[in-house]
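This report describes how the chains of one assembly meet. It takes the contacts one pair of chains at a time.

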Protein chains: 4
Amino acid sequence: MSRTVWEKRFQGREAVPVLERFNASISADAFLFEHEVRASSAYAQGLRAAGALGEEEFTSILAGLAAVEARDRDAASLGRFEDVHTAVELLLVEEIGEAGKKLHTGRSRNEQVVTDERLFLKEEIPALIDSAAAVQRALVTLAERAPDVVMPGYTHLQRGQPILFAHYILSFFWAVERGKERLRDALRRIDVLPLGSGALAGSSVALDRDGLAALLGFSGVSENSIDAVGDRSFILETLFALTLLLLDLSRLAEDFVVFSTAEFGFLDLDPAVATSSSLMPQKKNPDIFELLRAAPGRMFGHLCRLFLVLKGLPSSYNKDLQEDKDPLQRGVEDARSALAAAAAALRRVAPRADRMGAAVTPDMFATDLVDLLVEKGVSFREAHGTVASAIRAAEEKGRSIASFTKTEWTAVHPLLECIPEHFFEPAASVRRKKTAGSTHPDMVAIQLEKSRAILRKTGP
Amino acid sequence: MSRTVWEKRFQGREAVPVLERFNASISADAFLFEHEVRASSAYAQGLRAAGALGEEEFTSILAGLAAVEARDRDAASLGRFEDVHTAVELLLVEEIGEAGKKLHTGRSRNEQVVTDERLFLKEEIPALIDSAAAVQRALVTLAERAPDVVMPGYTHLQRGQPILFAHYILSFFWAVERGKERLRDALRRIDVLPLGSGALAGSSVALDRDGLAALLGFSGVSENSIDAVGDRSFILETLFALTLLLLDLSRLAEDFVVFSTAEFGFLDLDPAVATSSSLMPQKKNPDIFELLRAAPGRMFGHLCRLFLVLKGLPSSYNKDLQEDKDPLQRGVEDARSALAAAAAALRRVAPRADRMGAAVTPDMFATDLVDLLVEKGVSFREAHGTVASAIRAAEEKGRSIASFTKTEWTAVHPLLECIPEHFFEPAASVRRKKTAGSTHPDMVAIQLEKSRAILRKTGP
Amino acid sequence: MSRTVWEKRFQGREAVPVLERFNASISADAFLFEHEVRASSAYAQGLRAAGALGEEEFTSILAGLAAVEARDRDAASLGRFEDVHTAVELLLVEEIGEAGKKLHTGRSRNEQVVTDERLFLKEEIPALIDSAAAVQRALVTLAERAPDVVMPGYTHLQRGQPILFAHYILSFFWAVERGKERLRDALRRIDVLPLGSGALAGSSVALDRDGLAALLGFSGVSENSIDAVGDRSFILETLFALTLLLLDLSRLAEDFVVFSTAEFGFLDLDPAVATSSSLMPQKKNPDIFELLRAAPGRMFGHLCRLFLVLKGLPSSYNKDLQEDKDPLQRGVEDARSALAAAAAALRRVAPRADRMGAAVTPDMFATDLVDLLVEKGVSFREAHGTVASAIRAAEEKGRSIASFTKTEWTAVHPLLECIPEHFFEPAASVRRKKTAGSTHPDMVAIQLEKSRAILRKTGP
Amino acid sequence: MSRTVWEKRFQGREAVPVLERFNASISADAFLFEHEVRASSAYAQGLRAAGALGEEEFTSILAGLAAVEARDRDAASLGRFEDVHTAVELLLVEEIGEAGKKLHTGRSRNEQVVTDERLFLKEEIPALIDSAAAVQRALVTLAERAPDVVMPGYTHLQRGQPILFAHYILSFFWAVERGKERLRDALRRIDVLPLGSGALAGSSVALDRDGLAALLGFSGVSENSIDAVGDRSFILETLFALTLLLLDLSRLAEDFVVFSTAEFGFLDLDPAVATSSSLMPQKKNPDIFELLRAAPGRMFGHLCRLFLVLKGLPSSYNKDLQEDKDPLQRGVEDARSALAAAAAALRRVAPRADRMGAAVTPDMFATDLVDLLVEKGVSFREAHGTVASAIRAAEEKGRSIASFTKTEWTAVHPLLECIPEHFFEPAASVRRKKTAGSTHPDMVAIQLEKSRAILRKTGP
């Protein structure tokens with residue numbers, strides 16, 4: 001039977017393995033061990049300041065906690081305790097005896113667990129933001145490698161207008177940037193200390209909660225003890241931000257899987273991001289991008305799981321909340337792993353300028369032709385219809401508009417008699433775009449500079 | 001067959017009703033009509049500034065758009081168009097003829113739709129924040145109505161420690177406050193103008209995008225045209241913030257349903273928040289709170305729907321994105337309706353001090369007894385075990401610890417010989433809590449003052 | 001204030017519009033009107049048989065219900081009632097007076113609503129199965145149109161082995177067939193009459209429930225009255241089966257979107273399944289298939305919504321269950337619409353044999369080369385490595401293995417000296433497959449025959 | 001770098017740990033080791049029958065596979081391989097050398113993995129059905145323990161009508177029974193052998209697939225090789241059935257948490273299903289039932305995760321499908337653990353007849369009073385209104401209708417002058433219900449007998 005701190009409450013309690021296993025949280029919360037020790041040390045300091053611990057007891061507890069932290073912490077050694085809080089308290093008593101029994105004065109596991117979780121996220125979120133920045137850095141590097149390459153821009157996966165490959169790649173930079181912002185926003189709400197909230201009513205010890213917050217590096221303290229012990233919205237919010245970040249990257253992954261087909265052939269993949277087949281020796285499969293496409297699945301699973309648990313739950317603490325540990329730990333791990341893979345994979349991809357260029361076919365200049373007519377005074381919708389009819393007619397004859405003769409163009413519209421030289425050149429088309437944020441090389445250069453500036457701010 | 005702006009592209013296109021209906025977006029996007037007109041007016045101004053429209057054309061378009069806006073907009077009149085953008089453009093041409101055909105110069109529906117959606121949310125989110133503030137106001141009023149009432153504080157739905165009813169009610173204030181903050185954070189990312197992004201490559205018209213942003217009340221412009229037309233994360237983020245807000249309120253609702261049972265009897269419900277039964281005449285069912293408990297369901301449905309649509313979608317615009325309209329419109333409506341119901345219902349609930357007081361039973365003072373022993377020098381864990389044993393012994397005899405004689409207490413622990421008078425009074429217990437954010441009446445008063453200050457800042 | 005059947009329970013009940021609207025279910029359950037009338041007629045017959053209604057009363061009620069059913073049922077006329085059950089009862093009283101007040105004897109809305117919902121699904125599920133069969137029929141027709149066309153078979157979206165287009169198309173037939181089976185399984189559990197369960201305890205009228213079941217076309221009756229009124233798993237199960245069916249079709253849709261790109265060019269789309277662009281005149285976008293790719297989103301939203309509502313709900317009836325109507329009605333509608341669009345779209349797609357054939361490149365015969373070596377006695381893994389090395393070597397030289405000379409093949413492996421003539425022909429490769437269910441033309445013919453047999457069984 | 005079977009395909013492939021870890025599936029699929037060995041043995045037999053393996057080779061492979069199965073299979077020993085298929089093949093070659101390289105002849109990991117998964121579920125689903133039957137058995141035993149106990153039946157968590165505790169408990173029996181049926185339905189679709197489908201096109205070896213199916217205990221073979229390797233709907237269906245089963249049990253759990261409150265006090269919980277508090281010594285928290293309330297969360301997470309992964313995935317095999325392993329393995333484990341805990345917990349709960357009886361208050365007989373009036377000829381709706389008014393009047397005076405004098409009853413309605421003796425006795429009320437499936441003791445006895453018969457059929 002796992003060891004608890006409340007065993008005196010029940011006499012002759014039967015050990016039912018199937019229930020013990022179902023109930024025990026130690027396998028799910030052991031990852032918070034260091035945070036539990038850290039929070040316990042601060043709490044001891046708080047108790048001393050409030051006069052609830054003598055100097056000697058305090059010193060003993062601190063040393064004891066250090067010894068506890070230094071112990072082996074494998075599954076075997078921790079598995080005998082009900083949870084991580086019980087483990088640290090009872091190990092402390094094993095280390096220092098009687099004084100250890102004072103650590104829990106006025107404290108509840110209900111507040112400890114959220115304190116630990118918040119400490120955990122205060123460490124992990126900045127690390128995840130760094131991982132996201134590494135993805136951005138890889139995107140910028142990829143964009144910089146091929147500043148002049150023109151590729152087809154797709155909507156509906158149909159060729160639309162010519163764009164710069166660098167512009168395309170940078171489009172994901174901003175999605176990731178929003179992801180980082182969302183994580184920072186979540187962090188603001190995480191950065192609030194619940195300690196001092198007791199089981200739900202507050203503590204009978206006159207703890208200086210602001211002092212505790214300072215000790216543990218929190219910017220503020222929670223305003224209501226019931227809310228403090230029952231709230232898990234900060235975990236949902238973190239999981240959401242991470243799911244959304246990976247969801248955005250799943251779109252990049254889908255593009256890259258499509259661009260890696262023989263039919264598109266736009267990307268050269270390093271073998272490190274591919275695998276082959278056990279049966280078909282020619283295969284070079286873009287496994288890493290397929291897995292990145294699937295990656296939001298895990299996060300979404302964590303998110304939905306916690307949503308279901310929290311719906312309609314009575315307020316304050318309920319045991320159901322134990323089910324937040326696994327999504328929290330795995331959520332952070334899964335996101336970190338996917339972001340690291342994304343960055344590493346992006347560094348191993350190269351655009352094939354030849355294939356991209358070849359795919360910029362004449363029909364993609366249809367909008368340019370409309371613009372040409374508009375410049376010459378035709379109304380937009382009229383011009384659009386004119387070019388559409390020409391395209392349709394060419395299509396019906398199985399021809400490309402690029403093969404149209406001057407006479408044929410004139411027949412389409414008299415104002416098309418003189419189509420400027422180099423009109424059908426990809427590089428010319430991208431230069432016709434004029435707005436900020438467009439694919440015009442000058443605009444892309446500005447965008448690239450902004451991206452670099454953002455990364456400089458974030459750190460190396 | 002619904003009218004389109006691209007009919008010249010296909011010849012003899014067959015009208016297949018089942019496909020037309022499946023494809024048409026007008027039923028889902030008609031709610032954006034006014035935003036489409038507003039954005040079109042600004043766009044006309046942008047075209048004029050860029051020299052793409054003459055003064056006269058511009059004046060005509062503006063007047064035409066005003067006329068279009070004034071028209072009947074029932075399902076019948078709009079249903080003949082493919083979508084809201086087509087409707088406005090073609091109605092404009094109906095109004096003013098040729099000049100109307102110039103409005104779309106250099107513009108794409110891909111950018112229009114997200115411009116409209118962002119305009120919509122820039123209006124709706126502040127309104128939703130106000131609705132959330134109304135819930136907070138109702139909570140504060142409810143807390144103020146019964147400042148001294150003590151009730152059992154529950155964890156695991158088991159009686160834990162005495163708390164103030166006002167403290168309990170205010171616990172939800174902070175959850176709603178976080179919900180408001182999340183909406184504000186989302187709004188920052190929404191407040192970015194995509195117009196000028198064209199279909200995906202930017203516009204061939206030299207639009208002053210900052211000027212357009214100013215005209216439409218946006219704080220900034222999007223940085224990448226591909227990202228601008230393909231991004232829907234701002235809708236997911238809004239839906240998430242609303243789902244989480246209602247999820248937090250579902251916990252209040254669950255509490256209230258439980259507290260309204262005959263067995264708890266803690267709340268008096270006004271008939272306006274209840275219904276009776278078609279069969280059982282005595283019934284008074286807390287329908288509104290049951291529906292509030294269910295309310296995050298709808299929002300979660302909208303959220304999950306859009307998640308599924310976006311996963312693995314190629315970047316930039318795809319038709320799949322049309323599926324964002326329904327979750328957006330309904331999501332905002334459903335949240336507004338639930339928040340309004342929550343505020344109205346909270347104003348029609350009264351605590352029953354007698355029932356709450358009667359439920360504060362002696363076993364709830366067990367922690368106070370532990371504290372008493374700790375004050376007298378017993379270590380916390382020792383004291384906890386002592387009281388636990390006493391509780392267990394009483395329970396086994398079918399007795400309450402409140403009935404213990406002095407001799408019996410002394411037997412439990414010699415230091416319990418003299419239990420202070422009034423020790424088992426609820427009001428005394430809440431005053432024993434000392435931390436900021438606790439249920440101590442002074443702390444609750446501070447909390448209440450902070451709540452009022454927040455509401456004052458938010459406006460009337 | 002909406003009209004109720006329990007207004008005598010509360011005096012001076014305040015009409016709060018925001019609460020009335022939030023509470024009223026008539027807008028969500030009016031679609032069950034006919035089922036409510038039908039179930040009420042059967043119930044009247046049950047009451048008469050049990051002696052609770054006289055012959056004359058019974059006749060009057062039946063005529064009254066017929067009159068009620070014949071009335072206008074627009075939003076305006078029904079909107080004044082609390083729900084569909086109230087509407088039918090009170091309209092009946094309007095029609096026939098006093099006798100109408102007897103219809104509710106021993107009956108509860110808790111049992112009526114699930115009776116109506118089950119009646120609804122007993123009609124709709126067979127219709128949905130027919131819609132799915134129409135999709136299968138379209139698939140079979142498409143497969144039959146091009147029995148000999150060979151295309152690349154993809155795994156990881158990389159070219160794997162040559163397959164018949166018909167084989168590819170039929171792969172979806174079986175997915176849809178499983179979807180139909182799941183709907184049939186759900187129907188078995190739906191086909192159980194709850195009527196006679198009362199509010200939750202059963203009825204005080206000695207109703208012959210088996211007789212009622214026979215009247216309403218149910219195969220059996222529910223076994224426990226509490227379970228009967230509180231269970232909604234049959235709706236979840238229906239929604240799940242429909243979501244999964246559309247999820248499987250979203251994979252077909254993704255394929256078709258990819259196959260419709262300029263780069264693949266495998267499909268000719270009829271303009272009826274495509275749209276063009278407001279800006280780019282050349283565009284022909286595969287809108288219907290993009291919307292089909294997105295279609296499981298809606299269904300998944302309905303499913304997740306109801307999951308959240310039901311989680312942790314007290315057993316028996318709770319008002320939260322009202323939230324099942326919208327997912328039920330919309331779920332059925334959305335699925336029907338998507339299936340109809342899928343069938344119509346599939347009938348408007350044609351394979352481009354030329355493009356498919358051209359895409360069957362020599363590297364796709366790598367497995368055939370391995371098989372060749374295996375036939376000559378080389379172990380499989382050895383042979384696989386040999387061919388893999390040859391592919392790699394060719395790739396490094398930028399060559400195709402199709403250009404290898406006899407000498408070069410011999411260098412790869414002596415046993416490859418004599419590669420049979422026609423070895424690199426697609427039609428030869430598919431004939432090398434030998435297993436049942438494989439792409440060998442004979443096997444595909446068998447598969448096609450099985451498909452037709454299944455459809456013949458299903459009906460026209 | 002992890003060992004693969006395709007290393008000859010790439011030269012000098014860089015080992016990038018972060019990508020290797022992200023890509024390797026061995027940690028997720030090692031649980032299929034035994035199934036892989038079993039399927040491989042059958043496959044060897046299939047190869048021999050098809051003449052692709054000599055007798056000696058076959059014998060050697062069989063012995064080798066037995067040796068492989070007997071090896072240590074800890075993380076360390078398997079972790080060096082890419083996946084479980086690679087592990088078994090390469091370990092076999094380690095064991096028996098050259099002959100081992102023949103096992104993969106005409107085989108693909110794409111078909112192996114689904115063969116293994118189906119074998120796994122063919123074992124696990126019957127075991128899960130047994131676990132569900134154990135829950136049913138515990139329910140039946142609990143119902144049998146207290147056949148005559150009457151309790152309040154609740155709707156909206158408000159007291160409705162008296163019911164038998166046994167009837168209440170049995171209501172969950174039928175929910176679990178449906179859960180078992182759904183699992184059986186899923187099993188029918190799982191029981192189909194994919195082996196022989198090759199990578200996607202079928203196998204070049206003339207395998208007797210029906211023979212293979214017989215060897216491995218499958219009832220049939222898949223009809224289309226592309227469908228066979230790409231389909232994962234059978235996993236979604238299993239996860240859905242399990243989620244729904246636990247969702248139904250979450251409603252029991254919610255009831256039990258509420259019934260275990262001090263306020264209800266309906267249940268005696270054995271300490272084995274409860275825990276106490278680290279701070280509040282009196283606490284006895286119903287932890288197991290809280291965790292059961294949360295239990296569908298995990299399953300729902302697995303389900304949603306796989307839904308997201310599959311949406312819009314190209315057909316046939318894609319690497320994304322690797323993400324099905326974790327939900328499959330954990331889903332089965334989590335469900336098994338929750339079902340076992342539910343059965344064990346139900347065996348440790350006892351109803352408190354005294355508290356339940358005391359909660360059957362006079363207002364719960366309101367429907368009986370309506371029935372009384374109806375029997376005497378008053379129309380139902382009239383009678384309902386009359387009793388409703390009486391209840392309201394009593395409520396306004398703060399009285400119970402049980403205290404009404406004969407005169408007062410006559411004032412309510414002349415026909416209520418003589419209320420039969422024992423009218424307000426719970427046992428009398430349940431006997432007034434007459435329908436099959438109702439709470440009448442005779443009907444509950446029939447229900448109990450049906451339940452036992454079902455369990456007898458299922459086995460011990």
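How many residue pairs are in polar contact between chain D and chain A? The count is 26 residue pairs, both residues of each pair being at pLDDT 80 or more. The model is a predicted one, and every value below is computed from it.

**Chain A and its domains**

The domain assignment divides chain A into domain 1 (7-105), domain 2 (110-358) and domain 3 (362-458). Between the centres of domain 1 of chain A and domain 3 of chain A, taken over C-alpha atoms, there are 70 Å.

**The contact of chain D with chain A**

Chain D gives 64 residues to this contact, and chain A gives 64 residues. About 5600 Å² is buried between chain D and chain A, and 65% of this area is on carbon and sulfur atoms. Phe22(D), Ser278(D) and Leu291(D) supply 13% of the area that chain D buries against chain A, more than any other three residues.

Eight salt bridges are counted between chain D and chain A. One that can be located in the structure pairs Asp320(A) with Arg293(D), whose closest N and O atoms are 2.8 Å apart. On the side of chain D that touches chain A, the elements that give two or more residues are helix H1 (17-23), helix H12 (287-294), helix H13 (296-310) and helix H14 (325-346) of chain D. H13(D) has the largest share of that side, with nine residues. Sorted by class, the side of chain D that touches chain A holds 31 nonpolar, 14 polar and 19 charged residues.

Chain D is superposed on chain A by a rotation of 180° with 0.0 Å of shift along its axis, at an RMSD of 0.1 Å. Gly301(D) is the residue of chain D that comes closest to this rotation axis, its C-alpha lying at 2.0 Å. Of the interface residues of chain D, 100% are also interface residues in chain A, so the copies meet through the same surface.

**The contact of chain A with chain B**

Here chain A contributes 106 residues and chain B contributes 106 residues. Chain A and chain B bury about 9200 Å² between them, with 56% of it on carbon and sulfur atoms. Glu223(A), Arg251(A) and Arg381(A) supply 8% of the area that chain A buries against chain B, more than any other three residues.

Between chain A and chain B there are 20 salt bridges and 72 residue pairs in polar contact, both residues at pLDDT 80 or more. Helix H8 (residues 165-190) of chain A provides 13 residues, the largest share of the side of chain A that touches chain B. By class, that side of chain A has 37 nonpolar, 35 polar and 34 charged residues.

A rotation of 180° with 0.0 Å of shift along its axis also brings chain A onto chain B, with an RMSD of 0.1 Å. The two copies are thus related as by a two-fold rotation axis. Asp185(A) comes closest to the axis among the residues of chain A, at 3.5 Å (C-alpha). Since 100% of the interface residues of chain A are also interface residues in chain B, the copies meet through the same surface.

**Salt bridges between chains**

Over all chains, the count comes to 192 salt bridges. The table lists some that join two chains.

| Residue pair | N to O distance |
|---|---|
| Arg182(B) and Glu237(A) | 2.8 Å |
| Glu382(A) and Lys101(B) | 3.3 Å |
| Asp320(A) and Arg293(D) | 2.8 Å |

Why does the salt bridge of Arg182(B) with Glu237(A) join two chains? Arg182(B) lies in helix H8 (residues 165-190) of chain B, while Glu237(A) lies in helix H11 (residues 233-259) of chain A, so the pair joins two chains.

Key: Residues are numbered from 1 along each chain as its sequence is written. Chains are lettered from A and ligands numbered from 1 in the order in which they are written. This is a predicted model: local features need pLDDT of at least 70, side-chain atom pairs count only at pLDDT 80 or more; totals for chains, interfaces and linings use all residues. Side-chain values use heavy atoms; hydrogens and water are left out. Domain bounds come from an automatic or database domain assignment. Contact means heavy atoms within 4.5 Å. Buried area is the accessible area (1.4 Å probe) that two parts lose on being put together, summed over both. A salt bridge is a side-chain nitrogen of Lys or Arg within 4 Å of a carboxyl oxygen of Asp or Glu. A polar contact is a pair of N or O atoms within 3.5 Å; within protein, one must be able to donate a hydrogen and the other to accept it, and residues adjacent in sequence count only if both atoms are side-chain atoms. Helices (H or I, at least four residues) and strands (E, at least two) are DSSP runs, numbered from the N terminus. Ala, Val, Leu, Ile, Met, Phe, Trp, Tyr, Cys and Pro count as nonpolar, Asp, Glu, Lys and Arg as charged, and the others, Gly among them, as polar. Copies are superposed by least squares on the C-alpha atoms of residues with pLDDT of at least 70 in both.
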